Amino acid sequence: MPSVQTNGENFGNFDLITRTKLDYADILVSKWKSRVTGLSIVHLDYDAPLVNGYFVVGTEIFNDSGCPHTLEHLVFMGSEKYPYKGIIDHLANRGFSNGTNAWTDNDHTAYTVSTAGEQGFLQLLPIYVDHILYPTLTNAGFVTEVHHINGKGENSGVVYSEMQGRENTSGDIMALQMQRLTFPEGSAYRSETGGLMQALRKLTVEQIREYHHSYYVPQNFTLIVAGKLASGTQSLLNVVQTQVEPSLIAHGQNQGPRPAGWKKPFVETPSANRPAFSETIKETVEFPEKDESVGEIQVSWVGPPPNAFLETKAIDMLGIYLTSSSASPLNKEFVEIESPLWQVTFESYQSKVLLNYITSTYIYFEEREAATRGSLNVYIGSVPTEHLDTFDEKLRCSLQRVVKEGVDMDRMAMLIDRDERQLRSKVESSKGDTFSGNVITDALYGAENGADLGPSLEEIPRLGELRKWTNEDWVNLLDKYYIKPHRVVLIGKPSAAMVQRLEEEEKARISKQQEALGESGLKKAEEELEAAKKEHEKEIPTEILKSFPVPDVKSIVWIPVQSLQEVGSSTERKKTVDPTTNNSLARHIEADGSSLPFFVAYDHVKSDFVCVHAYFSLANLPNHLRPHVTVYLSSLFSLPVTRSTGEHLSHEEVVNKLDNDTVQYDAGLGMSSGFSEILRISIKVENAKYETAIAWLKDLVYGIQFDKDRLQVTIAKLQQSLPEMKRDGNTVMSSVAANLLYDESSTSRAGAVLTQMEFIPEISKRLQESPEAVIAEFEEIRKHITEPSGVRFSVTGNVLDLKEPRSTWGKHFKQHLKESSLAPVPVAADTLSKIGKKPAKKAIIVSLPTVESSFVSYHAKGLQGFTHKDYPALRVAAEILNATESYLWRYIRGSGLAYGAYVTLDLEAGLSGFSLYRSSNSTEAFKQAKDVIHGLVHGTITLDETALDAAKSSIVYSVAKGVSTPGRAALVSFSNQALKGVSQNYNIEILEKYQAVTKEDVIYALREYYLPVFDPSSSVAVVVTAPSKAKELGDDLTMAGYEVEQRTLHIDPDEEGEESDSQMDTDEDDESDDGR
């Protein structure tokens, strides 16, 4: 894929630096640079309904003040030309987007936006650039968005609350210490770019302004745009040339690509100094955790330079080879045993079991780029504490053994082939957006003449080169980077004492701060906060918002899907809907044999791949077996299998053959849109392997052998993952809420962490004592899920390219699935508990020592069903409330009360809700949300027409994104018809109903469905918070009218495989007259 000669091509101030066409995808990449201002533009040109923008600044900081992160937040508070808080998001929402976003990494900050179609994107681009390069950076913005002290003497602010929720987690503690150990003094890579709390408390807006002046300059700024523009790249260049460049020049930023004294961040500064480690370093850090049974480990080596593309890809493949499955060398030695040292997943292009309710611990290999030489990191989680000190040497010995014994070249060849299939699949789905990360890295570290950009994208040619490698090449690479060099080993040990110490230190610090401020100081702090909030309330002139036209929905090009649903030959089976766009597909299916006795849906899109899915109803599964589903799904792809041919495969052979035959495979509960009372198995293959996928699906359902030893390995890994899950506030909150709202017939409740804490140790013990009985229970699960009335199959992909789309199913499943009636699709509403059906009064507060902020959810009775007449108005109402810089954002996040606040709408369960994420003051956040909705309903807060327009426009984007790839479009077609019982294109057809929603409709929806969420007589609440906050929050909820139950999560420190002593202690909180 050679770069095209530019021949001095230019457009206005912009010179073409390089242009390259991918050989393996219809993607044209071009890079341009202004000779006047130094601003860079990269366009990845390809056909897609979405246009994505990544606007990147190299952000180098030599301290822990958090200036890069605080700027990321303050940019959205208004700009020189548009000095109104949140206007950028109001305009983005009008332009078929769902608002803007951003992230800050160690070496850059990226500002993002995605729109349906180009019109909104090109309208927004100059306004967004004005915000990034010329933000207002006001004192008021700093107070609410970064840090302030409230009237109670507590520290808050959006950034401060975010870092408060992160700083003392094991991940952040270890990451920062590893940066300190692996980079030399004077390197910016040592810094905490997010800002440490101690530094944030001292930070000033003047420091942030100085930082912005130094780094937010055109020569350090790259506009990356991925997607189709009507006039090609010229559309983009024209907007920047005519609407952006003049502003840069007017600000005196016309000094060319390299102004006097300019040094490119990281590349031309002391951060470029990255010597090899002179010795192996081994250190231990503690993190707060009452459960001291498992810890974490990180190991780091110095890696290759950022432009060593082939070597970097080879290292990536080594990581996949070592850890990607139960057949991998490290897994076999440490994981696939009954007492694992850790559990493995690998994050790059891997097949994995996707569980909706329980996640795995991990070991993974990661490469991180840096200016001179990057880092090669290995992360290992949930390691029993008695193995922490010796693990490093065990890992080293294992890697030495691989070097000595050599690489399994057949398996490596298979993994390279699979990696290519997965990359092609990703490119088909995401097109040029697949390479946004490569382009960002090039902007930071690539050659100024563009020489590195083209080669950085040559992913598939690199795999071709690696196919030529010999065993000697692979072991030499392993030896060069992971065995011969010195390394840094960082051990993270859980500390119960640290939990207590941090809590006491924080209480003492706050008390000292309150004392120092005194009554007058506290009053002044509250006045400053209120003044800042009032300044943000400055109304955005309606004429400015309306000057930004809402694009025409007709400008969006939808991916066509042909659909055919065959419900089965029994006269008792009826179609839920009749698809309309399936003429050629219907002829193709009907030409292939007779009708089948079971349900198969075909959804055709243009694709090089096809997915087969099996959906099994869990409605009739006995409740005592529901907790087993976690183990069933986790072990599904790593059990021995007897194939239909009679061939018996060990678990390693199953994994290797699946990897060889497929693009990906996974299993879980339901789909992303819900339906968690359905067990799903999915297999994606190239079109030519359609029958292979169906054969595997059949054998994984009927042929797996519930081997005692293999089940024990899976159970041991799950048990080891539980302590880490119990540290996460959001995970615990979701589990407590599930236990409250759903009954024992809920499979998702049974798979949540609180249930699994009791079940996993118990089944582990039973498997040892009575293996036949446990195996019989798993056989019973298989018997129930394969009941013909509850089975549905789906084919999504290039169905018209399949020679035998229908008869292949009959060949493999007809003997198992006889004629029967078709049971209804089970929905979450069927599994609600008594209180879930009629929420009222109940509040549960869980004390969790690993969190410092609060995670909260409230639920009330809502709208149930997918075709309710009130749904369009309710969806628009939710969008108005949740939109970036809209009501909840302004009143809660904008006041520093929580990092996230949003209303929820669950049509399947029939519940409305309100959630807070990382809240520093959940009581006040709840009050603000209640006041907002009450005010909108009763007219004391104005519901703007522009907010209504923006919400409708944002919904258009959400719909477009949901069907923006062939795979997504086909799956939505299936779920609409087969699961929801609506028309194939219902989500597109309903756009007209959204457009017809009036302000009166929205107010009605708010009154009927969201006001009850904030009334104790019609709602329930779940709070997970720090122990120091539990009593105060309990008092607040009691005063509000809830019946409060306080719980504490007790964990046995010796929990390592014996029967669990974990439990939730509860006591009713009757101290109702203690106010705040």
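Biologist: Does Cys 67 count as buried or exposed?

Modeller: The term buried means under 20% relative accessible area, exposed means over 50%, and partly exposed lies in between, with a 1.4 Å probe and protein chains only. Cys 67 counts as buried because its relative accessibility is 4%. Cys 397, by contrast, is partly exposed, since its relative accessible area is 37%. The model is predicted, so local features need pLDDT of at least 70 and side-chain atom pairs count only at pLDDT 80 or more, while totals for chains, interfaces and linings use all residues. Residues are numbered from 1 along each chain as its sequence is written, and side-chain values use heavy atoms, leaving out hydrogens and water.

Biologist: How many disulfides does the structure hold?

Modeller: A disulfide is a covalent bond between the sulfur atoms of two cysteines. Counted as pairs of cysteine sulfur atoms within 2.5 Å, the disulfides in this structure number 0.

Biologist: How is strand E16 to be read, and with which strands does E16 pair?

Modeller: Strands (E, at least two residues) and helices (H or I, at least four) are DSSP runs numbered from the N terminus, and two strands pair if DSSP finds at least two bridges between them. With strand E12 (residues 281–288), E16 pairs in the parallel sense over 8 bridges; here Phe 287 stands opposite Pro 494 in E16. Strand E13 (residues 294–302) runs antiparallel to E16 and is joined to it by 5 bridges, with Ile 297 opposite Ile 491 in E16.

Biologist: Which residues lie in the loop that leads from helix H9 to E12?

Modeller: Among them are Ser 271 and Gly 256; helix H9 covers residues 233–250. Ser 271 is buried because its relative accessibility is 1%. Its side chain makes a polar contact with the side chain of Glu 60 at 2.6 Å. Such a contact is a pair of N or O atoms within 3.5 Å; within protein, one must be able to donate a hydrogen and the other to accept it, and residues adjacent in sequence count only if both atoms are side-chain atoms. Gly 256 is buried as well, with a relative accessible area of 8%. From C-alpha to C-alpha, Gly 256 and Val 158 are 37 Å apart in space and 98 residues apart in sequence.

Biologist: Where does Lys 152 lie, and what does its side chain contact?

Modeller: Lys 152 is in the loop between strand E9 (148–149) and strand E10 (155–156). Its relative accessible area of 31% makes Lys 152 partly exposed. Its side chain makes a polar contact with the side chain of Glu 1032 at 2.9 Å. The C-alpha atoms of Lys 152 and Lys 523 are separated by 8.8 Å, although these residues are 371 apart along the chain.

Biologist: How many cavities of 30 Å³ or more are there, and what lines the largest cavity?

Modeller: A cavity is a set of points, on a 1 Å grid over the protein atoms alone, where a 1.4 Å probe fits but cannot get out; lining residues have an atom within 4 Å of a point. There are 3 cavities of 30 Å³ or more, and the largest cavity holds about 70 Å³ of space. Helix H2 (87–94), helix H31 (871–882) and helix H34 (945–962) are the elements that give two or more residues to its lining. H34 gives the most, with 4 residues. The lining residues include His 90, Glu 879 and Ser 954.

Note on methods. On a 1 Å grid over the protein atoms alone, a cavity is a set of points where a 1.4 Å probe fits but cannot get out, and a pocket is an open set with protein on both sides within 12 Å along at least five of seven lines; lining residues have an atom within 4 Å of a point. Grid points are joined across faces, edges and corners, and a volume is the space filled by probe spheres set on the points.
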